[in-house]
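Please read the points below alongside the coordinates.

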Amino acid sequence: MASTVMASAATSLAFATAGLRAGHRFPARLPAAGRRAPLVVRAAQTEDAETKPAKPKPAGLWDALAFSGPAPERINGRLAMVGFVSALAVEAARGDGLLAQAGNGAGLTWFAYTAVVLSAASLAPLLQGESAEERSGGLFTADAELWNGRLAMLGLVALAATEYLTGVPFVHA
């Protein structure tokens, strides 16, 4: 029994000196030989933190508008979707092609208003810390919006190229 107590005391002393060298703090008084100290376990997170994901920190304006930020492609895609549908509607109604519409400047004021409104509406949730992925669900996902915007950008280029190469608007080609 005496050898067990001595071994236990030596082990406690070895752990204490190793812990001090590693920078750990131990209680000022070690437990008496033969008695075990109570084991106390503390959780790093509470139960609420595990069930609720942490809300991301709101992005600043320049972080959101950075080249790799969440806003530029989304805003440009939304403007391209509105522009593609508007260009086709004007072509069908008046017969003016995309290049003719851009050349006469009649829709420039509407474009400026639309760009300001869509940019502000796109930036407001980002500056409050929300993301498009959080709001997406079902058929209308964030990825679908990005792909629709990309296709609308390509559609505008295709409208302009078709009109330039054929000399007539796409609707009448």
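1. Of the 173 residues in the protein chain, 16% are buried, where buried stands for under 20% relative accessible area, exposed for over 50% and partly exposed for what lies in between, with a 1.4 Å probe and protein chains only. The model is a predicted one, in which local features need pLDDT of at least 70 and side-chain atom pairs count only at pLDDT 80 or more, while totals for chains, interfaces and linings use all residues. Residues are numbered from 1 along each chain as its sequence is written, and side-chain values use heavy atoms, with hydrogens and water left out.

2. The protein chain has eight helices and zero strands, so that its elements run α-α-α-α-α-α-α-α from the N terminus on; these are DSSP runs numbered from the N terminus, helices being H or I with at least four residues and strands E with at least two.

3. One cavity of 30 Å³ or more is found in a search of the whole structure, and the largest cavity holds about 40 Å³ of space. On a 1 Å grid over the protein atoms alone, a cavity is a set of points where a 1.4 Å probe fits but cannot get out, whereas a pocket is an open set with protein on both sides within 12 Å along at least five of seven lines, and lining residues have an atom within 4 Å of a point. Points are joined across faces, edges and corners, and a volume is the space filled by probe spheres set on them.

4. The lining of the largest cavity consists of Glu-73, Arg-74, Gly-77, Arg-78, Met-81, Glu-145, Leu-146 and Gly-149, with α4 and α8 (142-166) as the elements that give two or more residues. Helix α4 supplies the largest share, five residues, and the lining divides into two nonpolar, two polar and four charged residues.

5. The second largest pocket has a volume of about 600 Å³, and of its 19 lining residues the closest to the centre are Ser-86, Gln-101, Gly-107, Leu-108 and Phe-111. At least two lining residues come from each of α4 (71-94), α5 (98-104) and α6 (108-127), the largest share, seven residues, being that of α4. By class, the lining of this pocket has eleven nonpolar, seven polar and one charged, where Ala, Val, Leu, Ile, Met, Phe, Trp, Tyr, Cys and Pro count as nonpolar, Asp, Glu, Lys and Arg as charged, and the others, Gly among them, as polar.

6. Trp-62, in helix α3 (residues 61-64), is exposed, with a relative accessible area of 68%.
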